Every structure is written in C-alpha cells, then in structure tokens.
Amino acid sequence: MSAETVVRGTESQVPPRAATARKRPQHTTEEKVWGTLRVLTIVFLVLITVMPFWYMVVLSVRPIAEVVLNPGKIWVGLSEITTASYQAVLRSTDAGGQGFMTFLRNSAFVAVVTTAVTLLAAIPGAYAVSRLRFGGRKIVSGMFLVVYLFPPMVLAIPLFVLFTRLGLRGSLSGLALVYVAQTVPVAIYMLRNYFQTIPESLEEAGLIDGLTHFGVLRRISLPLAIPSVTATGLYVFMIAWNEFLFALLFLLEAPDKWTVSLGLSRLSGSIEVPSTILMAGSVVLTVPIVVLFFFAERKLVEGLTSGAEKG
Amino acid sequence: MTTTRTGPPTAGSARTGPEETKRRRGRAPTLRQLEARTGRLLLSPTVLIVLVIVILPILWAIVLAFQRVRLLNIRRANLFSNYTLANFETVFTSPGFWESLRTTLIYTIGGTVGSILLGLVAALALRRPFRGRGVIRAVMLLPYVTPVVAATFVWTVALNPNFGIVNAWGTRFLGWDEPIAFLSTQSSSLFGIPIPTALLTVIAFETWRYFPFAFLFLVARIQAIPGDLDEAARVDGATVWQRFRYVILPQLMPVIAVLAVLRFIFTFNKFDDVYLLTGGGAGTEVISVRVYEYLTANKDVGLAAAQAVVLALVLVFLIVFYLRSTARAERAEQGG
C-alpha cells in the first residue's frame, strides 16, 4: 500500500506535459507512416474493386470502332455515348439481336422459383435445427456440411445422366430443383443463426398459451425473423442468378432456355462478337444483382457472418 | 464456427428419465417425443431434397466411376453391371494428369493465400471508423457478388492484347515492349526466370474475386476485439507492427484457420473461373476442367466420374491430413 502511494506520488510530481512528450515522439512518425500506408491501401482497394465495373460500363456505351482506335481511354464524352450495344444485346434473335430479353426472363424464373422453394423448405428446417431436440440432428447437420463442401463436379455427372434419361435437360424447373438442393444448407445455416437470437421466453409463452411448435414458428418466430428471411432469400436469389456450371450442363442444347450467364458465355464462343457487346451483356447480367445487393447489404453481411465474432 | 446451444433450462423440464419414458409409452406421447416428432417433420422436406438431389447422386457417381458408361449407351447403363477399374487406370495413366494435379494445387494454394492476405489487409485498413467507411465496405464486396461470367469477361476484355486497357496502359505508361497475352501465354521469362503467366493471372483473378469473402469474416472478428487491449499495448509503447503481431493477429488466427480450410476447399473444387478465363489452356488445366472435358468432349461418363471421384478423394485426403496435423500441433502446444 505504501509502495502504491509512493508511485502515485512520483507520478503526480511529473508535469503532465512532460509525460505525454515522453511517450508520443517515438510514435508519431511511425504512426504517420502507417496512417499514410493505410490511406494508400484504401485507395488501392477501391480502385481494384471499382475500376473493372467502371471499365465495363464505359466500354458498353462506346462505339466499337472508337474502342479499337483508343483502347486506353476510361471515360466517355456525353456526345459519344451510344446505346447500340444494348440494343444489339437485348433485341430478339429474330430481329438480329442476341435475345437477352428471353434470357433475363429465364434467369428470373429460375432464381425466383429457387428462392421460393428454398425458403419454404429452409424456414421450418432452420427452426427445427435451432429450437427442437430430436435424434439424428447431428447427422443431418453433417449431411448439410457435405453438400456445402463437396465438389459440384462429382454431383454434376450423375445429375447429367439422370436428367438426360428423364428428358429433363433443357428444363428450367429441373435446374431450379438442383439449385434448391445446393442452397438449402446455406439458407438453413443463415436462418438458424437468426432464430437462435430470438428470446426463447417468447416462444415458450406461445407454447404455454396452447400453440403447437408449428404455430409458434408461424405466429411468433417467423414474423420476428422477416429481416433475416429477406437477407437469406436475396442471397439464394444471387446464387441462382449467378450460377454457371449446371446451367451449362443442363441447358446448352436448348438456346431458348438459356439463362443470362449461359447466354453471355456463349456470345464469345461462336462468332467474333465485339467486346462492347460483351460488356453490354455483362452490365445486363450484373445490374440486377448489384442493385439487390446494395438494397440489402447490411442485413446480408450480418446474416453471413453472424457467428464469426465468436471466433 | 458456431457453437450449438444446448437445451434451455425451462424446456429441460420436459426431459424424462428412462423409466418414466417406459411407463408412458403406452399412453399419449410425452412433450419430448412430440418435440422430436415435430422437429423431424419440419426438417423432412429439406432432408428429402438433399438426399435425392445430392447424396444419392454422389453415391451413383461412385458406381459410375467403376463402369464403362458412355453418353451414347447411357440408356443401357444400370447399377449392377460390369464393374471395372479401367476408368481409374485411364485417369492415372493419361497424359497430363499429374501435371493437372500440380496445377490444381498451385492454383488452390495461390488463390487461398492471396485472397486471405488481401482480405486481411483490407480488414485492417478499414478497422477504424471514418467518413464513408460504410460505402467503401459495401463497394469492396462487389467482386464477390458479381456473376462469375461478367467478372471473367471484364478481365478477359481488359487483358486482351489488342484492345484491352491493361496492355494499352502497360505499353504507354510502363514501357512494356509489346502487349502481353496474359491468358494465353503458358510461360514467359522475366530476368531469365520462367513465369507461368496464365496460371498467375488466374490466381490473381481468384485473389481479386474472393478477398471480399475473407474480408467480411475478418472485419466481423476484428470489430469484436475489445479496444482496451490494443489501447493498453499502445500505452505500453508497442509499435504498430507489434500491436498487430501480438494483439490483433492472435485474435484473428481461429477465423483465418477456418477461412483457409473453406477457401482451400472451394478453390480446389472450382470450375467456372478457370473454364471461363482460359478454357483450361496455357497451363491452367485444373482437374475439374478435365472432368468437364471428359464428360462433354469425350462423352465418356465413366471416365469423367472416375476423374471426379479422384478429385474428391484428393480433397478429402488433404483435409484429413490438415485437421490431423493441426490437432497434433495443438496437443503438442498443450503438452509443452
């Protein structure tokens, strides 16, 4: 105790200005260097993430002849802007275009069906996994992990064979079914994390008042989980919209059923298609997803990473 | 990543001892049995879908790997005929298999390390709040949410030797002698050292596309670190680097370990990125692209299945090896 008072005594004798002066100088230069580095890093990161998209949009509205002449230009004068590439991409194949309108419809159909069915299966599933105790729950979780981590290529082969035999190749519903199986585990994982944050007492109150477990889910948990359901739905939608491998395997022979991803990827393959048209197609493919993403960014990030804070 | 919660104390009152269960079996189901029944019922649609569309096909893929099945005679193929090891023999002896395995490993390790490192740098740079951080954080996720076809096309166009922006700027500002065909050059030499150009470009793409994934999880973890720990180290005179090395990094290690496993698995399985960027040419043929070629170009289902099963086995082997070695390291740490 006496030692403590002594220490405190000496400390109070040192003028406060001197104390800070003793500590700061070693740090300021070092911290200034790191501070500058940090700003440079942020600028660099923003550049590498934004530039490709900027480049994509700029190319899509420049005339191709101009791009070939002047490939290094990353801006476009207002008078130069042309919508020719978009017209070429969106016009139907009968009218000499690339028929992206049909592709957009197909993609929207597959993504919406996938999202609806996945949520319909995942909401009760996630509730069961997070709240109810029953044998085999561990096995089921393990099964989901396998689905999530297994090489899709292994899965693609038998499904390819099966769909060929059933005549389901070229069927958008068949494709949606495969997407459902691939996204349900992730959806359950995201929803489960949210269900677990709902106070249990609320649900017990419901049970005591005579609701069944199903009633509790429908009347208490689900209304509370709407933000998380929205985020999960958007994530599933994004996966279905972006998917390429299974669309390639299942739809290749049926051009009227192509999704935007598949249609775009075939553009570069066949004939010499100008890069401005490729970029216009890329914009058409990307814009819906980016809009959805910015609409729900915060919720989405929370849904994906909840649990990461626990280490 | 998450700990499963054990049953709450109140719901625990429904728990019945073994004798009690026996006594009640003849009568109405206990609450506990009811709960279990509802649980299975609610989960059954999911389990059914996953079983039919994922688990059974995987088992079937293994069967196919042992059969001589081609796309032409697919209708005659059945589960119980003609098992053979011929497919695996072909897989292991065909030219380019070992080369392809090596490429897959380099690509996977490069992509994993690259994306986690860049993600870590990003997470550290955006650690302290500043104006506009929210927007920048959202923007940084763009490469990850963009459809893979669009992302690869931008890269392909930008790297094009004739009218791509990278070569236009490289020759004009960086003094390159001639444009570089990044995606179709198998190897070039820089100061006499051979460099696998296309493979490195594909790895760079992987790093760019997936650093947001690592960034997301690392930022979430970093923000959960109590600030006073770092502050205490600062007051004690630790340098910025020391604070990172001894205060922040140890807290992040568990997340980094999980990320490493996840990214390794996903990259190892990856097909789209390489297929769309190079088509597997110029020394970038990863195993999944090989599987696709066997299936579509050779129309050999059995061979493709065998190659895919080998891919899965290598992956399982690597994961088990990794988990065992980390477990051993942990045990050694605790023992010492």
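How many other C-beta atoms lie within 10 Å of Arg266(A), and is Arg266(A) buried or partly exposed? Arg266(A) has 17 other C-beta atoms within 10 Å, so Arg266(A) is partly exposed. A residue is buried with 20 or more such atoms, exposed with 12 or fewer, and partly exposed in between, with C-beta atoms placed from the backbone.

## About the model

This is a predicted model: local features need pLDDT of at least 70, side-chain atom pairs count only at pLDDT 80 or more, and totals for chains, interfaces and linings use all residues. Residues are numbered from 1 along each chain as its sequence is written, while chains are lettered from A and ligands numbered from 1 in the order in which they are written.

## Two residues

Arg266(A) sits in helix α13 (residues 260–269) of chain A. Leu45(A) is 221 residues away along the chain, and the two C-alpha atoms are separated by 31 Å.

Phe88(B) belongs to helix α3 (residues 86–93) of chain B. It counts as partly exposed because it has 17 C-beta neighbours inside 10 Å. Phe88(B) and Gly302(B) are 214 residues apart in sequence, yet their C-alpha atoms are 9.2 Å apart in space.

## Chain B as a whole

Chain B has 14 helices and two strands. Both are DSSP runs numbered from the N terminus: helices are H or I with at least four residues, strands are E with at least two. Of the 336 residues in chain B, 38% are buried.

The radius of gyration of chain B is 26 Å, whereas a compact globule of 336 residues would have one near 20 Å. This radius is taken over C-alpha atoms, and the globule rule is 2.2 Å times the number of residues to the power 0.38. The C-alpha trace spans about 90 × 75 × 45 Å along its principal axes.

## A helix pair

Helix α4 (residues 97–125) of chain B packs against helix α9 (residues 197–224) of chain B at about 40 degrees, with axes 5 Å apart. That angle makes α4(B) oblique to α9(B). Under 35 degrees is roughly parallel, over 145 roughly antiparallel, 65 to 115 roughly perpendicular, and the rest oblique. Axes are lines fitted to C-alpha atoms over the stretch in contact, and angles run from 0 to 180 degrees between N-to-C directions.

## Where the chains meet

In chain B, 81 residues are in contact with 89 residues of chain A. Contact means C-beta atoms, placed from the backbone, within 7 Å. Helix α2 (residues 31–65) of chain B gives the largest share of chain B's side, 20 residues.

Key:
Contact = placed C-beta atoms within 7 Å.
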